[in-house]
Amino acid sequence: MDNKPKKKSELNATETSLKIIVFYVIIGFTWILLSDQVIKLFTTDPEDLEIIQSVKGIFYVAITALVFYYIIHRQLDLYVNTIQTLKKAYIDLDEGHNKSVKLENKLFQIAYYDELTGLPNKFMLEEKITSYIESHPKDALIGFIYFDIDEFRNINEVKGHAVGDYLIKSVADLLKEKIEEPNILARMGGDEFVIAVFSLQSLDVFMTTIEAYLASIRKTFILDEDHFFITYSAGVALYPDHGKDYLTLFRHADAAMSMAKAKGKDQIVIFDDEMVLLIKQQTEILTQLRTAIQHNEFSLHYQPILSLTHDDVIAVEALIRWNHPTKGFIPPLEFISLAEKNGFIKDITEWVFKEAARQYKAWPIERKSFRISINISAVMLMQDNFIPNLSKWISEDNIDCSKFTLEITETAVIHDIQKSIHVIKQLKRYGFSIALDDFGTGYSSLTYLQKLPIDTIKIDRSFISSITESTDDFHVLRYMVELAHHLKLEVVAEGIETPEQIQMIKSYFVDYAQGYYFCKPMPQTRVLEYFKMLEQVKKEK
Ligand code: C2E
Ligand code: CA
Ligand code: CA
């Protein structure tokens, strides 16, 4: 097939050349014979004939030269053009090839590498681990550490995404230098990274290595002119002990990381089988949480908040309790975060509101300043239907909003300040008083305080417990109280456990206190007994 057109063009060339030659010979001979005959008709003079013969020869040469010029030029032109076209086609082909190689590389880069840090992404990680396991069927031993930046979300929200990206890139750049092939550092997305170490010698060696890696990035970063001390929570899983394939390894390292977070962050946790049990239990709890309301398993405890100047109870904080039929008491922090994740928090908040409203009349509400505090989860606050829902509950139960304080955590507010301001303003219009809960735990700057239409700040227990030990915190507390008072806000100190702490917060003019020292959270009837006891003591004074 391939040869056919070539043969034909060769044949054509020979044929055309032969035709030209035959034509040329015929014309030549005819010219020679006929021209002599024609000339003889006009003259026979030998001298004339000689001249005419010379002219005829010159004329013939000139004509044939022209004809040959035309034919050769035409052929050479064709030839040169063909070569040039071929050359161009070849260059185009080459460029096309280069382009497609480039495109292929680019697609590979996009598919397997992270754009921000240039690190391999999760797909590359999965491929590397899977192919390593396949090529080392007997002796593969892989260490897998999954970690993220503690409080990254806050930094992102307070400082903006560009600063968040900068931090991620800085962390990646610092680690990149340390990790050598064939080991791999991958970015899984967000602030999450994985380091996989191949041909591991032992868990101990692995732990020493990764502890050193993490220690090298556990430090102060200057972000947009502010200093942030950055810590990490990490989970470790090993192949083949903790998982026989990539996905299981990943899931188990993730469970270990969640454990590191739950234990207070800034640490490395190694996966163990108990965690599988824990994950199973959490799923179980979630299922049971859905029926807890119908089964009447929730109750409210209240903890008094006392005035430091008059030794008087000015409010009670409602704290939910879950009495599980088989597991017993489950602390709110455990199930609230689960409920937040699966959307059940709306039903819980509704239940708390309605229960607090039901028990409301028994409190000394005739006292002008007495209030009942209710905790509003960050997730609820940010939901678009929060205000409409709340409004429904208020009218259904005829709630006097001026007798209630809503406690909103500081981290919820800094998550989206503009939206928070908008929601808080609406809440205030209903008559609610607003307290900023767990104050001092976020990465917040104090300046946003003046923007928020709140009434009270509640200084977090962790802060209070450290003031007796650290003079630094002591100064910060003093500044916080001064600033709050300057902004006409009242200050509650949470988690007061000792007389020394009371002395200290009194000396800095904190207005109110709450804590085990005065009274633990208890059912309403018992808190009312506590009130009576306080009255008695006062009378006796
Ligand atoms: P929170 O709002 O900061 O509540 C104060 C927590 O500190 C309560 O824990 C309380 O029992 C505890 N506490 C009070 N005084 C002391 C003290 O002197 N020492 C110590 N060690 N602890 C003290 P609880 O009841 O376990 O609640 C924990 C968190 O769960 C609450 O923190 C709040 O964020 C959340 N929570 C509780 N009830 C509700 C609720 O009805 N709705 C929502 N969304 N969250 C709730
Ligand atoms: Ca609270
Ligand atoms: Ca609190």
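1. Cavity lining. By class, the lining of the largest cavity holds three nonpolar, no polar and five charged residues. Nonpolar here covers Ala, Val, Leu, Ile, Met, Phe, Trp, Tyr, Cys and Pro; charged covers Asp, Glu, Lys and Arg; polar takes the others, Gly among them. The lining residues are Asp311, Asp312, Val313, Arg367, Phe531, Leu534, Glu535 and Lys538. The largest share comes from α18, with four residues. Both β9 (312–324) and α18 (524–540) supply at least two residues each. Helices (H or I, at least four residues) and strands (E, at least two) are DSSP runs, numbered from the N terminus.

2. Basis. This is a predicted model: local features need pLDDT of at least 70, side-chain atom pairs count only at pLDDT 80 or more, and totals for chains, interfaces and linings use all residues. Residues are numbered from 1 along each chain as its sequence is written, chains are lettered from A and ligands numbered from 1 in the order in which they are written, and side-chain values use heavy atoms, with hydrogens and water left out.

3. Cavity count and volume. The count comes to one cavity of 30 Å³ or more. The volume of the largest cavity is about 60 Å³. A cavity is a set of points, on a 1 Å grid over the protein atoms alone, where a 1.4 Å probe fits but cannot get out; lining residues have an atom within 4 Å of a point. Grid points are joined across faces, edges and corners, and a volume is the space filled by probe spheres set on the points.

4. Calcium ion (ligand 2). Its protein donors are Glu317 (OE), Asn375 (OD1), Glu407 (OE) and Asp437 (OD), at 2.1 to 2.3 Å. Donors are N, O and S atoms within 2.8 Å of the metal (3.2 Å for Na, K and Ca); water is not among the atoms, so sites may look incomplete. Along the chain the donors are spaced E-x57-N-x31-E-x29-D. Glutamate 407 sits in strand β12 (residues 404–409) and aspartate 437 in strand β13, so this pair ties together parts 30 residues apart in sequence. Glutamate 407 counts as buried, at 1% relative accessibility. Aspartate 437 is also buried, at 5%. The cut-offs are under 20% relative accessible area for buried, over 50% for exposed, and partly exposed in between (1.4 Å probe, protein chains only).

5. Calcium ion (ligand 3). Asp437 (OD), Asp438 (OD), Glu494 (OE) and Glu494 (OE) are the protein donors, lying 2.1 to 2.5 Å from the ion. The donor residues follow the spacing D-D-x55-E. Aspartate 438 lies in strand β13 (residues 433–439), and glutamate 494 in the loop between β15 (490–493) and α17 (499–507); this pair links distant parts of the chain, 56 residues apart. Aspartate 438 is partly exposed, with 25% relative accessibility. Glutamate 494 is buried, at 11%.

6. Overall form. The protein has 18 helices and 16 strands. Its radius of gyration is 44 Å, well over the 24 Å that the globule rule gives for 541 residues, so it is more spread out than a compact globule. That radius is taken over C-alpha atoms, and the rule is 2.2 Å times the number of residues to the power 0.38. The C-alpha trace spans about 170 × 60 × 50 Å along its principal axes. Buried residues make up 41% of the 541 residues. Among contacts with a separation of 6 or more, 66% join residues 24 or more positions apart. Contact means heavy atoms within 4.5 Å.

7. Cis peptide bonds. Most residues other than glycine have a negative phi, and most peptide bonds are trans. Glutamate 181 and proline 182 are joined by a cis bond, with omega about 0°. Proline 182 lies in the loop between α5 (161–176) and β2 (184–189). Another cis bond joins tyrosine 239 and proline 240, with omega about 5°. Proline 240 is in the loop between β6 (232–239) and α7 (246–262).

8. Positive phi. Glutamate 151 has phi near 60°, a positive value in a residue other than glycine. Its place is the loop between β1 (142–149) and α4 (152–159). Glutamate 151 is partly exposed, with a relative accessible area of 30%. Serine 199, not a glycine either, has a positive phi of about 50°. Serine 199 falls in the loop between β3 (192–197) and α6 (203–217).

How values were computed: 1 Å grid on protein atoms, 1.4 Å probe; cavity = no way out; pocket = protein on both sides within 12 Å on 5 of 7 lines; lining within 4 Å.
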